[in-house]
Amino acid sequence: MSEFGNFCLLLAFCLGLYALLASVLGAVQKQHRIVRSAERAALAACGSIALALSSLVYLLVTSDFSVSHVASASNRALPVYYKIAALWGAHDGSLLLWVFVTSIFSGIVIYQNRFRYRDMMPYVVAVLMVNLSFFLCLNLFLSNPFNQLVQANADGTLQKFIPQDGRGLNPLLQYWAMVIHPPILYLGFIGFVVPFAFAFAALVTKQLGDSWIRTIRRWTLVPWMFLGAGLILGGKWAYVEMGWGGYWGWDPVENASLMPWLTGTAFLHSVIVQERKGMLKVWNVFLIMITYLLGVFGTFITRSGVINSVHAFADSSLGPFFLYYMSAVFFVSMYLIIDRLPYLKSERPLDSVLSRESAFLFNNLVLLVACFAVFWGTMFPVLSEWVQGQKMTVGPPFFNNVNIPIGLFLLFLTGVGPLFAWRKTSVESLKKAFFWPVIFSVPFCAALMIAGMRDFYAVVSFTLCVFVLITVVREFYKGASVRAKNTGESFLSAIVNLTLKNKRRYGGYIVHVAIVVIFVGLTGNAFNKEVQQKLSKGESMHIGRYMLRMVDYREADTPNYQLAEVKLEAYKDGKLIRTMTPEKRLYKAGDQQTTTEVELYSTPKEDLYVVFSGVANGGKGYEIHAFVNPLVFWVWFGAAIMVFGTLVTLLPDRKGAFVTPQLSFSEAAGIGETLRIK
Amino acid sequence: MSNPRVKFVVGSLVIVAALAWLGFVGFQESKAYYITVDEFRAMQGRAQGKTLKVAGDVVEGSIDRAKSPLEFVIGHQGQTLKVQYIGKEVLPDTFKDGSKAVVEGTITLDGVFQAKHIEAKCASKYEAEYESKGKS
């Protein structure tokens, strides 16, 4: 089976290279048939990769430990679903998953557009195949999951080596959010190759109007959504599995997935300016290139061992290849952008600072500054070693200092952006637009202060949350009430129909609400409490409104791990709410790693988070670490809204809706918006 | 100043400058020199007063959980360093005998390193075992 998998990979690699060469050749010679054959070869490569992936899954499920990947990432006692998840439990297999996801994206794009964009498609195929072949090449020659374990005999000959059992899946990965988080993150990382491929093709064919941008609208939203979901699932995993009480620690790998999300978010906003005003053309091409490169960079960080991280794989030797690839992509794209500058001229200057355009520009500016700061902080150990010969690191205070104000400024823009008109906003209309949001948020701010809240950022954040929420609610209210009056629909169905009629705009507003909800959750961090105490049986500890009473301690054995747990009764305001049993586990396979199993009592208001950190005082005391983390629930809930909002935006249009130019409802209602679908 | 472009550029510069300043403050607050135990020994007096991240292997059997604060010893290339953990965070699960640890903190005058933060990675003994048995 491993030979078959290897063969499939090799076949896919050859097909990918053929598709690359043939598509370029076909495009240059304008030979339609050659381009066709390239596209078919590319699709065949995708099929071949799917077979390779299936054979690795088969090897994992049947526990064939003669294969190095299976031996290092799985073991016999593992439940079947974790055996499958072990596919991405070590870096060679996860690279195959990566290649597989890339091939799915490439396959769908090529199939969907087989009759469209005939000038651009050969170059799109070429870029997709460069990307695919690069990763396939790494997967085949440097990090091959199908390698067999061999043993050297005394006389120097090699012989097959089959261990009794595998090293097992890293126990930290044995958790549902971890099981689905890597594939989802990959969908996000890799997905940006599609918009990049179209941008590149547009540069090559000089078709730099906004047609390429409209083509890739969905292709940008899909990876953006997955990346966002992957980020937050990663946070959820860290929260539940790492046991340090938080979900975000500015770890290099977390940062690596945040960076393309930031630039991707910037891109999603700045394309609107290009579509509407013909501005920012160079900027958009540049942004999408950076976003794609940052996705590759994220892969590089997790696999190169350049930077230490809890999420990273142990060292692998792929680092330099990623650097070559990223530099090549960067320089070729930059050359093309510079060469095509005359085609990328802005059609219009900036009219006023108080305009929608300028709100978008500021949004882009601070998103990029945030990305740069995160990049700088993440790479600082490497950079300082190059420059000074002395490795230095920066910690969370640096990241927080820069990113909290940026986050709040973005939140502010989320609120005021939609209130600004395109081109120029009169002070008069601003007064009108700001009236209700200010009426609600200012007293709210005062109430917070009176209630004794003194954390500056927290007060600002909550106030802005109210402000933004009111602006979004008003947008829905205005649109829906006009619609209800004109069509005679009920108010609720007017809201639904309004959203469906203009999915991009109102879907976007739903995402903005999600951002507000996530900010509420993030702001809760300002009020975290923690208490650490050694308890004997019968003793208790207090944290906030909670009391924990130690009842019992036990040790037990399962096939996969040994465990030690304490039983605690949790009281809230003196009332028993539940019994909590935080655990320590010792996994038997491999490195015999210990893990912490957190106990959580989660409510929308706050989480009670309890960790058992070990037996102390020679078995007489048990060390308990308890946290009260307010509002964490809203981070997860906001993420769900974000996915929902993006899905609304992605809903297919009803037939014909796109063909006829039509005025949006709000414009017909004279709200001052010109949302013409071109 | 009537040109909106100029206004935008000036606004941007103000924002970027403010953020750069905040970044600089955060950087001063959290920068740490990353060194190994033997490099730390070579620094001698210069290590005083600086925030350092010192990397080394946790010496087998050196973790003394009975003491409060907890004490242990890390070593690298023949040099060792006694560490006191004064941080509040839960110690990572990977922190145990033989693991690779990075301790962040400062050195006291009596030569004990006071760590506020500890990162640890398991020494992969199984990987080593495979390598000795043969190359994959």
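Two residues count as in contact if their C-beta atoms, placed from the backbone, lie within 7 Å. Everything here is a predicted model, where local features need pLDDT of at least 70, side-chain atom pairs count only at pLDDT 80 or more, and totals for chains, interfaces and linings use all residues. Residues are numbered from 1 along each chain as its sequence is written, and chains are lettered from A and ligands numbered from 1 in the order in which they are written.

**Stop one: the domains of chain A.** Colour chain A by domain: domain 1 (1-151 + 159-168), domain 2 (175-390), domain 3 (403-525 + 636-668) and domain 4 (527-633). These bounds come from an automatic or database domain assignment. Helices (H or I, at least four residues) and strands (E, at least two) are DSSP runs, numbered from the N terminus.

**Stop two: a helix pair.** Select H1 (residues 2-29) and H6 (residues 121-142) of chain A, which pack at about 155° with axes 8 Å apart. Axes are lines fitted to C-alpha atoms, for helices over the stretch in contact, and angles run from 0 to 180 degrees between N-to-C directions. H1(A) and H6(A) are therefore roughly antiparallel (over 145 degrees). Show side chains at the contact: A:Leu9, A:Phe13 and A:Leu17 are among those from H1(A), with A:Met129, A:Leu132 and A:Leu136 among those from H6(A).

Pick the end C-alpha atoms of H2 (residues 32-61) of chain A. They are 44 Å apart, which agrees with the 44 Å its 30 residues should span at 1.5 Å a residue (1.5 Å times one less than the number of residues). After H2(A), look at A:Ser63, where phi is positive, near 50°.

**Stop four: chain B.** Then bring chain A back: the contact takes 36 residues from chain B and 49 from chain A. H1 (4-30), strand E1 (32-36) and H3 (125-133) of chain B each give two or more residues to the chain B side, and H1(B) gives the most, with 16.

Key: Angles under 35 degrees count as roughly parallel, over 145 as roughly antiparallel, 65 to 115 as roughly perpendicular and the rest as oblique.
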